[in-house]
Amino acid sequence: MATATFGNHSSVLVPQQDRDSIRKFYCDVLGGTITKVDPDRDFVRLGEDFYIVFLYGDVPDESEFLRTARSVWLEIKSDNVEEMSRNILESNLVRKLEIPDPHLYFQAPGGQCLRLVGIDEDLSFYEGVGEGPNMAKVKEALGRMSS
């Protein structure tokens, strides 16, 4: 049987008016590098080998979290979670999401939802090992955000 895995390249379609805040957040706050720019795209490298292309266009502003009650959480890792959390929140470019989990969850410019974790952190819970957050509390928190 054929198998699949997620790669280290991603792209997202975002409103043109978010370009400056996306650049500030992904480069100035997270330390990414713009590897290529053209009128409709920014190519950004995070770390040594993750690439995300922001495709700017005439798309609706979906910056309000959970309009459809569905989200894909992107995970970013840091070697200094406390400092990175402070940098992220002090940038005033993100919306902190109140999820009953020990990690920082936030919505970045352009609408992407991210979770910040430590590079060497034991994340086996997210692989189905052990107990995790109380799902009733998680659902309750998500319900508060969508109303």
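Modeller: Quick ground rule before I start: contact here means heavy atoms within 4.5 Å. Also keep in mind that this is a predicted model.

Let's begin with Q112, which sits in the loop connecting β7 and β8. Is Q112 buried or exposed? Its relative accessibility is 8%, so Q112 counts as buried, the cut-off for that being under 20%. If you skip the neighbours within four places in sequence, Q112 is in contact with V12, V14, Y26, F54, L74, F106 and Q107. Its side chain has polar partners too. One is the side chain of Y26, in a polar contact of 3.2 Å. Another is the backbone oxygen of G110, which the Q112 side chain reaches at 3.1 Å.

The largest nonpolar core has 21 residues, and F25, Y26, L30, F54, I88 and F106 are the ones touching the most other members. At least two residues of this core come from each of β1 (9-15), α1 (19-29), β3 (41-46), β4 (50-57), α2 (81-90), β7 (104-107) and β8 (113-118). The top contributor is α1, which gives four residues.

Now follow I88. Not counting residues up to four places away in sequence, I88 touches F25, V29, L30, I76, V94, L104, F106 and L116. I88 is one of the buried residues of α2, together with M84 and S85. Those residues span an arc of only 105° around the axis, so they lie on the same side of α2. That buried set packs against α1, β5, β7 and β8. Turn to the face of α2 pointing away from the buried side and you find the exposed residues E82 and E90. Just after α2, N92 has a positive phi of about 60°.

What about charges? Side chains of opposite charge can pair when their charged atoms come close. Searching the whole structure turns up four salt bridges. Take D42 and R23, whose side chains meet with an N to O distance of 2.9 Å. This pair ties together distant parts of the chain, with D42 in strand β3 and R23 in helix α1, 19 residues apart. D42 has 1% relative accessibility, so it counts as buried, while R23, at 27%, counts as partly exposed. There is a network here as well: salt bridges link R19, R23 and D42.

R41, meanwhile, forms a salt bridge with D38 at 2.7 Å, N to O. R41 is partly exposed at 30% relative accessibility, and D38 is buried, with a relative accessible area of 17%.

Then there is E75 with R115, where the closest N and O atoms of the salt bridge are 2.9 Å apart. That pair also links distant parts of the chain: E75 belongs to strand β5 (residues 73-78) and R115 to strand β8, 40 residues apart. E75 is partly exposed, with a relative accessible area of 35%, whereas R115 counts as buried at 11% relative accessibility.

Conventions:
Residues are numbered from 1 along each chain as its sequence is written. This is a predicted model: local features need pLDDT of at least 70, side-chain atom pairs count only at pLDDT 80 or more; totals for chains, interfaces and linings use all residues. Side-chain values use heavy atoms; hydrogens and water are left out. A nonpolar core is a set of buried Ala, Val, Leu, Ile, Met, Phe, Trp, Tyr and Cys residues joined through side-chain atoms within 4.5 Å. Buried means under 20% relative accessible area, exposed over 50%, partly exposed in between (1.4 Å probe, protein chains only). A polar contact is a pair of N or O atoms within 3.5 Å; within protein, one must be able to donate a hydrogen and the other to accept it, and residues adjacent in sequence count only if both atoms are side-chain atoms. The arc is that of the directions from the helix axis to the C-beta atoms.
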